[in-house]
Amino acid sequence: MSETGGTRPGGRSARVRASVHRAVADLVAEGVRTEDLTIPVIAARAGVHATTVYRRWGSVAELLAAVAEHRFTGDVVVPDTGSLGADLERWAGDVARDLADPDSLALMRASIGAGETAACACTADRRSQIAGILEHETRRGGEVPEVDAVVDGVLAPLYYTALFVPAHERGPAPEDRVRALVEKLLGGAQALTP
């Protein structure tokens, strides 16, 4: 606590969070399997007591969710180009580039392995970004698909490809794939709502 009674920004709590997040990211990047990723292993790597980690996050799944949420929040900017198609293409291209990062993929795989709470953290901010893009188009007076239609038509294929398709089997360049996904989504009249 500071003299004014508030929590000090950048104090011990922030340092602990940063070192624990870094420890998780490092362990995951090194290929530690999800089942071997335990609170004591993470705490030892972070240089903190396991009880500190348990008290703050409770479980590996909750910790992975926090790390994933921190990692995947704010990396991709919501564009406003004046066109829904261009906005979705730019956004999806940024997402595809983010998904190409081996450390991001390792964290997503670990999060999926840790259960629903952690896995959802990998996509929560993406849904908010989609909603923001659609809101821009609504304000411009255009018709927009539902958020779930964009998730199913654009985001899910990008995640599936990144997570499960070997690089040598991925087909077209990411930019071409993104363009095709957006065109297919926006070409489907049933996906549009007034």
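**Notebook: fold, helices and a few residues**

I read the order of elements along the sequence first: α-α-α-α-α-α-α-α-β-α-α-β. That makes 10 helices and 2 strands in the protein. Helices here are DSSP runs of H or I with at least four residues, strands are runs of E with at least two, and numbering starts at the N terminus.

I noted the ground rules. The model is predicted, local features need pLDDT of at least 70, side-chain atom pairs count only at pLDDT 80 or more, and totals for chains, interfaces and linings use all residues. Residues are numbered from 1 along each chain as its sequence is written, and side-chain values use heavy atoms, with hydrogens and water left out.

**Whole chain**

I looked up burial. Of the 194 residues, 40% count as buried (under 20% relative accessible area; exposed is over 50%, partly exposed in between; 1.4 Å probe, protein chains only). I then checked contacts (heavy atoms within 4.5 Å). Among those with a separation of 6 or more, 67% link residues 24 or more positions apart.

**Helix α6**

I checked the span of α6, residues 102-114. Its 13 residues reach 18 Å from first C-alpha to last, close to the 18 Å expected at 1.5 Å a residue (1.5 Å times one less than the number of residues). Buried residues in α6 include Leu 105, Leu 107 and Met 108. Ser 104 and Ser 111 are buried as well.

**Arg 126**

I found Arg 126 in helix α8, residues 124-139. Arg 126 counts as buried because its relative accessibility is 0%. Its side chain makes a polar contact of 2.6 Å with that of Asp 98 (N or O atoms within 3.5 Å; within protein, one able to donate a hydrogen and the other to accept it; residues adjacent in sequence count only if both atoms are side-chain atoms).

I searched for aromatic pairs and the structure holds 1. Tyr 160 and Phe 164 form it, tilted, at 5.4 Å centre to centre and 45 degrees between the planes (centres within 6.5 Å for rings of Phe, Tyr and the six-membered ring of Trp; under 30 degrees stacked, over 60 edge-to-face, the rest tilted). Both lie in α9, 4 residues apart, about one turn of the helix. Phe 164 is exposed, at 54% relative accessibility.

I moved on to Gly 171, in the loop between α9 (147-164) and α10 (174-187). Gly 171 counts as exposed because its relative accessibility is 63%. Its C-alpha is 9.9 Å from that of Thr 161, 10 residues apart along the chain.
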